[in-house]
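Colleague: May we go through this model together, beginning with the ligand and then turning to the helices?

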Amino acid sequence: MKIKILTLFPNMLEGILKESILKRAIEKGVCSVELIDMRQYSLDKHHHVDDTPYGGGAGMVLACDVVDRAITAHRTAQSFKILMTPQGRPFQQTIAKELASKEELILICGHYEGFDERIRSYVDDEISIGDYVLTGGELAAAVICDSVIRLLDNAIRKESSEDDSFSDGLLEYPQYTRPVEYKGCTVPEVLLNGNHKLIREFRLKESLRKTILRRPDLLKNRNLTKEEERLLSMLQAELAADKNNA
Ligand code: ADE
């Protein structure tokens with residue numbers, strides 16, 4: 001996969017590509033990430049990329065011609081072009097999976113107080129990473145890069161991403177490593193005995209517990225399996241008993 005990021009601040013993104021899993025994925029050739037400074041597409045001798053808004057008002061607006069030239073110079077027939085904006089569709093693991101199947105992504109980072117509305121017509125999608133306003137799209141692009149690249153074949157072990165929170169619609173079960181006892185807190189016995197059937201059931205039940213306690217909204221639209229239904233009623237009974245004993 002190729003990812004091209006159109007930005008006014010390439011330095012903001014350089015660091016994340018040089019560390020850890022993204023660095024290794026790029027080195028292994030799982031994907032390439034190109035940072036493109038949109039300023040080079042300004043025709044202005046001072047390389048201005050923004051201007052005052054028509055109709056007045058505070059702040060500067062990112063100009064459509066600069067973004068258009070940058071996109072035109074870098075798009076291919078395979079490019080899926082995404083604008084980072086708080087007005088976009090809310091980013092989720094399902095969208096990360098959708099994007100991981102594309103051959104090429106172009107992520108366009110707006111900056112300053114806003115961008116010319118016409119830029120919307122140059123892209124295939126608009127994505128928001130949450131209901132808050134960032135100073136620009138760079139951090140949002142970083143989030144998308146990170147979550148998409150780790151899903152690509154050979155970026156990390158397949159089982160690791162299959163166990164992720166959200167990957168099957170539930171939060172991930174709790175994990176433990178050595179030591180078996182630390183400051184009086186011990187690892188659940190079932191994880192130590194090597195009984196894979198019991199371990200699988202424990203993990204599913206704890207996944208359900210986390211989800212029902214922290215994100216009950218995720219369970220609302222889920223088609224529960226018979227096993228999940230059984231574990232969920234056990235959990236509900238346990239949680240009700242805990243409440244009564246409290
Ligand atoms: N640009 C500014 N805020 C943003 C957000 N929440 N998501 C995506 N892009 C943004």
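Colleague: Which residues surround the ligand?

Modeller: This is a predicted model, in which local features need pLDDT of at least 70, side-chain atom pairs count only at pLDDT 80 or more, and totals for chains, interfaces and linings use all residues. Residues are numbered from 1 along each chain as its sequence is written, and side-chain values use heavy atoms, with hydrogens and water left out. A residue is near a molecule if one of its heavy atoms lies within 4 Å of it. The ligand is surrounded by Met84, Thr85, Pro86, Ile127, Ser128, Ile129, Gly130, Tyr132, Val133, Leu134, Gly136 and Ala140.

Colleague: How far from a nitrogen atom of the ligand does a backbone N or O atom of tyrosine 132 lie?

Modeller: A polar contact here is a pair of N or O atoms within 3.5 Å. Polar backbone atoms of isoleucine 129 and of leucine 134 are each 3.0 Å from a nitrogen atom of the ligand. For the backbone atom of tyrosine 132, the distance is 2.8 Å.

Colleague: Are helices α4 and α5 roughly parallel or roughly perpendicular to each other?

Modeller: Helix α4 (residues 93–100) and helix α5 (residues 138–149) pack with their axes 9 Å apart, at an angle of about 70°. Axes are lines fitted to C-alpha atoms over the stretch in contact, and angles run from 0 to 180 degrees between N-to-C directions. Angles of 65 to 115 degrees count as roughly perpendicular. Therefore α4 and α5 are roughly perpendicular.

Colleague: Which residues of α5 do Ala96, Leu99 and Ala100 in α4 meet?

Modeller: Contact means heavy atoms within 4.5 Å. On that basis, the three α4 residues Ala96, Leu99 and Ala100 meet Ile144, Ser147 and Val148.

Note on methods:
Polar contact = N/O pair within 3.5 Å; in protein donor to acceptor, adjacent residues only side chain to side chain. Helix = DSSP H or I, 4+ residues; strand = E, 2+ residues; numbered from the N terminus. Parallel < 35°, antiparallel > 145°, perpendicular 65-115°, else oblique.
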